[in-house]
Amino acid sequence: MIRLIPRNEPSKAMIFLSPLLALALTALTAFFIFTFILTDIEVSSVFFTLFVEPLIDTYYISELLVKAAPLIMIALGLSIGFRAGVWNIGAEGQYVIGGITGGAVGLYFYNVEGFWLIPLMSIAAILGGMFYAGIAAFLKTKYQVNEILVTLMLTYVAVLFLSAMLQGPMRNPSGFNFPESRLFHDSALLPIIWQGTRLNVGLVVAIMLSFLTWFGIKKHLSGLQIKISGSAPRAAKFAGFDDKKTIWFSLLISGGVAGLAGLFEAIGPAGQITPGLPQFYGFTAIIVAFLARLHPIAIIFSSLLIALTYLGGENVQIYFNLPSSITNIFQGMLLFYFLACDILIQYKIVFFKTIRQRL
Amino acid sequence: MKYQLEIQNITKSYGDLKANDDISLNIKPASIHALLGENGAGKSTLVKVIYGSLQPDSGQMQWCGEEYAPKSPFEAREQGIAMVFQHFSLFESLTVAENIILGLDDIGLDADFTEQITKYSKQYGLDINPQQVVGDLSVGARQRVEIIRCLMQNPKLLIMDEPTSVLTPQEVTDLFVTLKKLAEDGCSILYISHKLEEVRQICSHATILRGGKLVQNCNPQDHSKQELAEMMIGKKLIQLARSNITTGKDIFSINNLSRKSDDMFGVDLHGISLTIKKGSIVGIAGVAGNGQDELMQLLIGEVEAPEETLVFKGEDIGGLNSHQRRQLSMFFIPEERLGHGAVPDMGLNENMLLSRPEKSEMTNYGVINWNNVEKLTQQVIDDFKVQTQSSKMQAKSLSGGNLQKFMVGRELIQNPELLVVAQPTWGVDAGSENNIHQALITLADQGSAILIISQDLDEILTLCEQIHVLSEGSLSAAVDMEDDGLEKISNLMLGSEQQ
């Protein structure tokens, strides 16, 4: 019989080994899928296209970083809430709203040049995202409405609101009635940091935010407040922390950062606002946050890993005609195995003979 | 047959730790035999060996003079050994009779089953109605259900684990009558406790364990409570005494505090009033679940109190949160250690930050000064002899007594003018209890006020010079301890007398 027995103390080795184990198990499962289900293709070349090719070509590397930046930002915000037990599932909606409010400012000043424009747009985007997440905070603190439902459902509202805006006030006046905004002018576009690619300062901002979050969690009382509110709500009250403040704080932060990420996508790689603005980053960031065990620096690496599955997935779609949902399968398997392997940090597997025991 | 149960040289190890090291004891038929020892002394291991849920590494047992080596509790029960656990295993939605049937092996439901229950309940003074739903019963009554369930198996040995820790003094007296009657009828009782006064009262034999080893087999009535305690902890106890009770001005008052509980199953508080002077120790006695938790929440500031109901140093503090109250030098030690007074999976140093005044050397505009936190944590660990490998150990890795010492130290190091403490020595061994009591007395001697909310009447009687009783959400006036004070308290605890 196999049993899970609690360890006396968390295993240090397993903290590092479990992600590797999860990766290995994901690869193994993928191998079986490719070998036994998709029998007509060569497994090794699919693996190469999926995992190696994006890492040996400068274009792919730059794209990897472009995709990782918004994931880092959104996951950071979410990780704060998840630590506090506040489940913001609708970062996608806050991302879209941030893109709209920030983008609207840029479009309003479409013929004005100025270094102040991007900061102003950023503030508008952050406020937009905060407002949108704030709805959930208000309903939760005032009426105990579950924030998971509110944030998730508001995501669909946000996407519909985006298409309404693009068919109305934000539509490009000289765009042949396509539901797209004007292209942002140079003053409103994020500066490129790697010439010849689409990589912009968004990545720098994301990495700076990671270190800022790390500092907050390690060195500031608010980090302690969030940690305690999540793991021991009664102790949080004993320490004089207000649980409503924690809910507001974590939702506003995650909403604000998601809003900023939405704007950066619009004035970065996209260059305009289109119905294609929402790219599932808001949902994928949940996976990113948990793969990083909510650690702000580890989020950088888990974002890169997830970005790799995006690129790899696109490539196998192009070269092998496999469906793009390959990406989702990989992300799902990774998260599943990762969470499953993490149990080995607190528990060990013991094999023993069965003994009939009656209590 | 000379002995009901003979235990010879039992040894049981967990890894390097010898939980039981060469333990021998003999239980006479029809006797009440105490098993004494601090937490971790090896009491539960020994009991598990007797009850068959653990097998010893070496040693033998004889039951009624015959070889006895149970492989499971089932075998132990077949031999006539029954056990009443500290935590009851009853289904609240079922009736007494249904619960009793469920607990029995190989007994079917028949017509005179309830009659049998009534027979036992009459015979041993176990007042119980078989048709009542368990959810409606008091803790004492639930224990009676457990005992009847054991008696249905006609046991020759009944093991009772800390049976009185949840009972009122009156219920304890009733239980003792039952136990003595049982022993007279030929059932031996193995009585596990660390309440020495009780043991001296009803037990004729005692086995004392310490650190897994047998200290002594003796008659507890030949030794004083103090001697027994010292055998248990293996060192001298400090004699507790207030050096000078000099009470000063009123420092804290609760004025006609009423509050309806937010929780459906909570207790509403009705018109609670109390005044504490500087330098005095005030005790609130009462059985758990009579409003202690609700009162504590209001005192800590986890729940807002109505205006002017809580006044500390002339200031209305009802609307302040806990660290604003701490800033005024009012500190708290809640009853529940893990999850309330400390976060289980955080280190002691992080837990140090839970209790901090608004302005503290530990933080500066919200930025944590880890050096100072570390220094203070280390100071608490040293001053209060908290046994831990480092200040970074998780709170849940400490034993109950050690964590309690840490929590008491964490508050005392701030030199509180008022300390509110719930169950200061709940689940703490005798040595630590002695240290904690001494620390509280020293604090009061220095002129601070202390409010103790405790179920442990001995503790309240030892420490407090002003005693109130909390019952069904109402607080009595201070009990006049002259003539029959104890009886008055007992009646108040049962809610049978309004003062």
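Helix H1 (12-37) and helix H13 (325-346) of chain A each supply at least two residues to the lining of the second largest cavity; helices here are DSSP runs of H or I of at least four residues, and strands are E runs of at least two, numbered from the N terminus. H13(A) gives the largest share, 4 residues. The cavity has a volume of about 30 Å³. A cavity is a set of points on a 1 Å grid over the protein atoms alone where a 1.4 Å probe fits but cannot get out, and lining residues have an atom within 4 Å of a point. The volume is the space filled by probe spheres set on the points. The lining includes Ala30(A), Phe34(A) and Met333(A). By class, it has 7 nonpolar, no polar and no charged residues.

The model is predicted: local features need pLDDT of at least 70, side-chain atom pairs count only at pLDDT 80 or more, and totals for chains, interfaces and linings use all residues. Residues are numbered from 1 along each chain as its sequence is written, chains are lettered from A in the order in which they are written, and side-chain values use heavy atoms, without hydrogens and water.

The largest cavity holds about 100 Å³ of space. Val66(A) and Asn200(A) are among the residues closest to its centre.

Between the chains, 34 residues of chain B are in contact (heavy atoms within 4.5 Å) with 19 residues of chain A. The interface of chain B and chain A has 2 salt bridges (side-chain nitrogen of Lys or Arg within 4 Å of a carboxyl oxygen of Asp or Glu). Arg234(A) and Glu336(B) form a salt bridge at 3.3 Å, N to O.

Terms used: On a 1 Å grid over the protein atoms alone, a cavity is a set of points where a 1.4 Å probe fits but cannot get out, and a pocket is an open set with protein on both sides within 12 Å along at least five of seven lines; lining residues have an atom within 4 Å of a point. Ala, Val, Leu, Ile, Met, Phe, Trp, Tyr, Cys and Pro count as nonpolar, Asp, Glu, Lys and Arg as charged, and the others, Gly among them, as polar.
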